[in-house]
Amino acid sequence: MNKFIILGISIFVLLIIFLIIIVIISKNKIKEAMIPLDIAKEKINDYLRKKYKLYKEITKFIKDNLSIKEDAFNNFLSFNAKECTQEELLSLLDKTTDEINEYVDNYDELLKNQDFLKLKKELYDLEINLEATSEYYNNKINIYNNLKDSAPTSICTKFFEFEDYQKVEFDKKEIARLINLN
């Protein structure tokens, strides 16, 4: 009888050790998956800050070179980009893209101005990088979420709290219309 108790306790201890090893390995796997997400998220934020600065140049150029409404770009120009979330900045940039597009549509001389075309080219290059990084980031979020939800790593998520990442989405149609260089 003693041998069965010792065998049972040994199996139980081995099972506990096995579960601890699985949890540790799973935690490390999930943390490894977070590294490229954090890097891509920071890169997206860098691109968004650059885009915000470039939009400041574009709106200043439009205000200086066209007779526009006095309140044009007020929401954009009064916005405090240092104290905002990524989603707020994306929303503002999308709205400003629409507003810039209105002026591009109504003022043909903008498309003939070399300084404006240079700004548009900078925006085009920036947007290519932003979209590629955002697509990479969103794909990595899918992998990360699948890792957290599938066995055996899902056991680990019951014991530890991991960051939730939000996908990055923005209006590609309007920015494509603005940066179209034809």
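**Exercise 1. Determine how many helices and strands the protein has, and how far its chain is spread out.**

*Solution.* The protein has 6 helices and 0 strands, where helices (H or I, at least four residues) and strands (E, at least two) are DSSP runs numbered from the N terminus. Along the sequence, the elements follow the pattern α-α-α-α-α-α. The radius of gyration is 25 Å, well over the 16 Å that the globule rule gives for 182 residues, so the protein is more spread out than a compact globule. This radius is taken over C-alpha atoms, and the globule rule is 2.2 Å times the number of residues to the power 0.38. The C-alpha trace spans about 95 × 30 × 20 Å along its principal axes.

A note on the source: this is a predicted model, in which local features need pLDDT of at least 70 and side-chain atom pairs count only at pLDDT 80 or more, while totals for chains, interfaces and linings use all residues. Residues are numbered from 1 along each chain as its sequence is written, and side-chain values use heavy atoms, with hydrogens and water left out.

**Exercise 2. State whether Thr59 is buried or exposed, and list the residues that Thr59 touches.**

*Solution.* First, locate the residue: Thr59 lies in helix α1, which covers residues 2-65. Next, consider accessibility: Thr59 counts as buried because its relative accessibility is 0%. Buried means under 20% relative accessible area, exposed over 50%, and partly exposed in between (1.4 Å probe, protein chains only). Finally, not counting residues up to four places away in sequence, Thr59 touches Phe73, Phe76, Leu77, Thr96 and Ile100; contact means heavy atoms within 4.5 Å.

**Exercise 3. Describe the setting of Phe4 and its distance from Glu135.**

*Solution.* Phe4 lies in helix α1. With a relative accessible area of 64%, Phe4 is exposed. From C-alpha to C-alpha, Phe4 and Glu135 are 57 Å apart in space, and they are 131 residues apart in sequence.
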